[in-house]
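Biologist: Could you walk me through the pockets and the packing of this protein? I'd like to know which residues sit where.

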Amino acid sequence: MIICAGNNENFSFATPMGVGLIETAMNLTRLCLFDKPEFLLFVGTAGSYGDAKIFDIIESKTAANIELAFLTKDAYTPLENVISTNTTNTQDVIVNSSNYISTNEELTKKFLNFGVGIENMEFFSVLKIAQEFDIPAGGVFCITNYTNTQAHEDFLQNHQIAKELLEVHVKKRIQQLTRKD
């Protein structure tokens, strides 16, 4: 099953689950309880901590839930805050999820030291629920902005093009996977 956030981030081939960590967790749990999918593919946009460029397409099966206060040693968590459904030796770009969009470019570059390259509000919830229900899962993301003071404006400017690029990418990948040789 292909899912997305929803609201203004909809795709013709994806079922919306909600925006942010909480809505996604609630709606995806409800879905899995009543009609458990065989797999989950999350499709959405993301902000880059610096290495990924605008309109890059990133595929990942690894997510984190790390708040900015962790980077300044102003917070800690007893919870598991990195989760992966990756079963290969391929190293993923880690997708960080928070209910907040980062705008401090200097601080967010520190994420790169931990292998965390991009942020998307929903992906950690998707992988956590997939893990709980033992469902293979992954995500495909298109970069709309860098995590700086222009993040929101750049997101708005690039969002439609990013959605179009994602639609083309996902449909092409589906064809590749379903092609009979």
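Predicted model: local features only at pLDDT ≥ 70, side-chain atom pairs only at ≥ 80, totals over all residues.

Biologist: Let's start with the pockets. How many residues line the largest pocket, and which element gives the most to its lining?

Modeller: The largest pocket holds about 730 Å³ of space. Its lining has 29 residues, and Leu41, Lys61, Ala137, Gly138 and Gly139 lie nearest the centre. Strands E3 (40–48), E4 (57–60) and E9 (137–146) each supply at least two lining residues, as do helices H4 (123–132) and H5 (151–178). With five residues, the element that gives the most is H5.

Biologist: What is the make-up of that lining by class, and how many of its residues are charged?

Modeller: Nonpolar residues number twelve in the lining of the largest pocket, and polar ones also number twelve. The charged residues there number five.

Biologist: And the second largest pocket: which element gives the most to its lining?

Modeller: That pocket has about 450 Å³ of space. Of its 24 lining residues, Glu9, Thr45, Ile101, Met121 and Phe155 are the closest to the centre. E3, E9 and H5 each give two or more residues to this lining. The top contributor, with four residues, is H5.

Biologist: How many polar residues are in the lining of the second largest pocket?

Modeller: Sorted by class, this lining has eight nonpolar and three charged residues. The polar count is 13.

Biologist: Now the packing. Which element gives the most to the largest nonpolar core?

Modeller: This core has 26 residues, and those with the most contacts inside it are Ile3, Leu28, Leu40, Ile118, Phe123 and Phe141. Helix H1 (20–34), E3, H4 and E9 each give two or more residues. The one that gives the most, with six residues, is H4.

Biologist: Pick Leu40, then. Leaving out residues up to four places away in sequence, what does Leu40 touch?

Modeller: Leu40 is among the residues with the most contacts inside the largest core. Setting aside residues up to four places away in sequence, its partners are Met1, Ile3, Leu28, Ala130, Ile135, Pro136, Ala137 and Gly138.

Biologist: How many residues are in the second, separate core?

Modeller: Phe11, Val140, Cys142 and Ala162 are included in that second core. Its residue count is twelve.

Biologist: On to Ser97. Is Ser97 buried or exposed?

Modeller: Ser97 sits in the loop between strand E7 (94–96) and helix H3 (105–108). Its relative accessibility is 0%, and the cut-off for buried is under 20%. So Ser97 counts as buried.

Biologist: Which backbone atoms lie 2.7 Å and 2.9 Å from a polar atom of the Ser97 side chain?

Modeller: At 2.7 Å there is the backbone oxygen of Asn120. At 2.9 Å there is the backbone nitrogen of Phe124. Asn120 and Phe124 are also among the residues that Ser97 touches. The atoms you asked for are the Asn120 oxygen and the Phe124 nitrogen.

Biologist: Last one: with which side chain does the side chain of Ser102 make a polar contact?

Modeller: Ser102 lies in the loop between E7 and H3, and it is buried, with a relative accessible area of 6%. Its C-alpha atom is separated by 7.8 Å from that of Ala151, although the two residues are 49 apart along the chain. Ser102 touches several residues, including Tyr49, Leu68 and Thr147. The polar contact, at 2.8 Å, is with the side chain of Glu119.

Note on methods:
Residues numbered from 1 in each chain as written. Heavy atoms only, no water. 1 Å grid on protein atoms, 1.4 Å probe; cavity = no way out; pocket = protein on both sides within 12 Å on 5 of 7 lines; lining within 4 Å. Points joined across faces, edges and corners; volume = space filled by probe spheres on them. Nonpolar A, V, L, I, M, F, W, Y, C, P; charged D, E, K, R; others polar. Core = buried A, V, L, I, M, F, W, Y, C linked by side-chain atoms within 4.5 Å. Buried < 20%, exposed > 50% of the residue type's maximum accessible area, 1.4 Å probe, protein only. Contact = heavy atoms within 4.5 Å. Polar contact = N/O pair within 3.5 Å; in protein donor to acceptor, adjacent residues only side chain to side chain.
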